[in-house]
There are 2 protein chains.
Amino acid sequence: MTLAEVARRAGVSAATVSRVLSGSPAVKPSMRERVLTVVRQVNYLPNVHAQALAGGRSRTLGMIVSNIENPFFLGVFMALEEHATQQEYEVLVEHTGYRRERLVASIRSMLKRRVEGLAVIVSEMDRGLIEELAAQDVPVVFYDVGRPARNITSIRVRYDRGTQRTAEYLYSLGHRRFGFVGHHAGLGPLEERKRTFTEVMERFGKGVRFATASGMDSPAGGRHAAGDLLSGTLRPTAILCANDHMAVGVLRELHDRGLRVPDDVSVAGFDNIGLAEHLCPSLTTVRIPQRMIGQLAFEALMFGDAAKPRDIVIEPELIVRESSGPAPGTNRRRRID
Amino acid sequence: MTLAEVARRAGVSAATVSRVLSGSPAVKPSMRERVLTVVRQVNYLPNVHAQALAGGRSRTLGMIVSNIENPFFLGVFMALEEHATQQEYEVLVEHTGYRRERLVASIRSMLKRRVEGLAVIVSEMDRGLIEELAAQDVPVVFYDVGRPARNITSIRVRYDRGTQRTAEYLYSLGHRRFGFVGHHAGLGPLEERKRTFTEVMERFGKGVRFATASGMDSPAGGRHAAGDLLSGTLRPTAILCANDHMAVGVLRELHDRGLRVPDDVSVAGFDNIGLAEHLCPSLTTVRIPQRMIGQLAFEALMFGDAAKPRDIVIEPELIVRESSGPAPGTNRRRRID
DNA sequence: TTGAAAGCGATACCAT
DNA sequence: ATGGTATCGCTTTCAA
């Protein structure tokens, strides 16, 4: 069924049908009724491709994430989508599995679909791709990579602060042997998190020892990484994870080895995914406001003032739950104050 | 940048550029090179809307799920998408939150986008909607609802068998007081699962008592439902959950109440999401092959022979893990055979 | 093997 | 307030 056919059946012009469907005020109520009746009768649904082509707007936003199985990304997506829906926009998602070639394909795909805005929430960005997007005239939001520019809004989280706070908190609990579970060594922002960890550790001085390991961004990956960490000579009493998704597997590996959390080993995640508080033990983590990020991304894409590109910085916040506690052997008397 | 502009710069006709881009063999290699050079030079990306409009095919599949935060749905999506990508198709996802009005909107949206196939993996289907889709000429796959028809493939899982096996297994372990944690009472397939549970329970006879509760399809929902169940007078020693996603919260609630799993209470989920084996305790559950469902859906949509609509039935399989064990007070001597 | 031109199904401008 | 029509960017005959 086409617009033209609807017009014919209603005995009006295509222009009128179009006006009715787009809710133009310049159409007499009687006319509107006549048209709508036919529309309902034949169950007419406009062809978005024709609309996008003729109208020059797709009413579509795109979002590319590294790993859609990681609830963090899903959280951002849900928020973005919620806002978009309110403005009658749709959101297309693609996920890359942290692979650059898939990112390239996803970007191409989004551009071919003529999205009116693109949120790129991935870690596998490199300078080349960033510049290619900066050359486009689509509004773009980057998370954790890139610099603001004409069409670019940058949202970034102070991972360093989050890592630092977590480490200091654990240090204050008496921990002196730390482990870090990361993933995808080699990807810019992820590498940076690990480096931050290393720096914080070194700042503690000689009394502190540490090791790092990595796996895929999944519970299984976290489990493997934790396995590596625990098989080493360090025997860490505190493990920081690059994210909660992996921390799930870390908890599991600890459990398998008969290590109690937090009595024997403390674990901290990152992101505060919904699952974190439902795990046993619930997960100490760093809150990254997914909903806020989704909303900010949406606003940047839709209402971004091309004149003043924004650089949004988010301060993370430590959330202490059951998975962390005093280092084993520490005096556990608690001050009740 | 448009096809026409590329054609101009290459000094050829639009038709030729189109042929080159679609990999038509009827174009001289030299010509192909000339065109591709320009295409790369100007970074040309075809407009999918124009392609879809002119070509009459969108090279797009649609998938609608009830709850994208439930890893089960995500698992099916990932598999479907993987296969689609191999055939140069894209998959659009929408999620409904179990709300009929959103399902209606999603279906409309997909139809307007002229998807070439639509997988509807939701519980909030009703006869009206099913028939509306059956009237369409798009291939459709339903999961767990609807009957096969001209353009309809139906994939269904024998939930009854899964529930039955789980219940019998727990019964054999000595459990006599059962709880069921479901969600969205009132939605067809979900209601059915609960009824199945009830039937199985009643079949056990007078020695068995049971109760049901429900919440949202989320860990938090499972937690609340479990809370209700445990606040009652029944004091179940075994809890069956409508899915693993909710079971996560059930485990947590048990933990909060100081009940040990499986020593005090056994828990069984449904779906076997990836997380299930990483929980502590790992979750006894019923395996629903998500990847297979995704693949079957894909094949039905792409290669479905309109002549013979298919009715695919999947037999679930019980997976016993740590969250289930003998009922408390049961003689625990184990035969070592 | 390549080009010209007729659609595809809407929108939006210009008339009336 | 309504209609006519050029236009969007591409695919696909049909000719040459």
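Me: What is the average pLDDT of chain A?

Reply: Chain A averages a pLDDT of 94, and 98% of the residues score at least 70, where pLDDT is the predictor's confidence in each residue, from 0 to 100. This is a predicted model, in which local features need pLDDT of at least 70 and side-chain atom pairs count only at pLDDT 80 or more, while totals for chains, interfaces and linings use all residues. Residues are numbered from 1 along each chain as its sequence is written, chains are lettered from A and ligands numbered from 1 in the order in which they are written, and side-chain values use heavy atoms, with hydrogens and water left out.

Me: And where in chain A does pLDDT stay under 50?

Reply: That happens over residues 333-337 of chain A, for which the model has one contact (heavy atoms within 4.5 Å) beyond four places in sequence. Where pLDDT is low, the predicted coordinates should not be read in detail.

Me: OK, on to the DNA. Which residues are closest to DNA strand C?

Reply: DNA strand C is surrounded by 25 residues, and the closest are Leu3(A), Ser18(A), Tyr44(A), Thr16(B) and Arg19(B). A residue counts as near the strand if one of its heavy atoms lies within 4 Å of it.

Me: What about DNA strand D, which residues are closest?

Reply: For DNA strand D there are 23 surrounding residues, the closest being Thr16(A), Arg19(A), Leu3(B), Ser18(B) and Tyr44(B).

Me: What does Arg19(A) lie 2.5 Å from?

Reply: A polar side-chain atom of Arg19(A) lies at that distance from a base oxygen of DNA strand D, whereas Ser13(A) places a polar backbone atom 2.9 Å from a phosphate oxygen of DNA strand D.

Me: And which helix supplies the largest share near DNA strand D?

Reply: Helix 4 of chain B supplies it, with four residues.

Conventions: Polar contact = N/O pair within 3.5 Å; in protein donor to acceptor, adjacent residues only side chain to side chain. Helix = DSSP H or I, 4+ residues; strand = E, 2+ residues; numbered from the N terminus.
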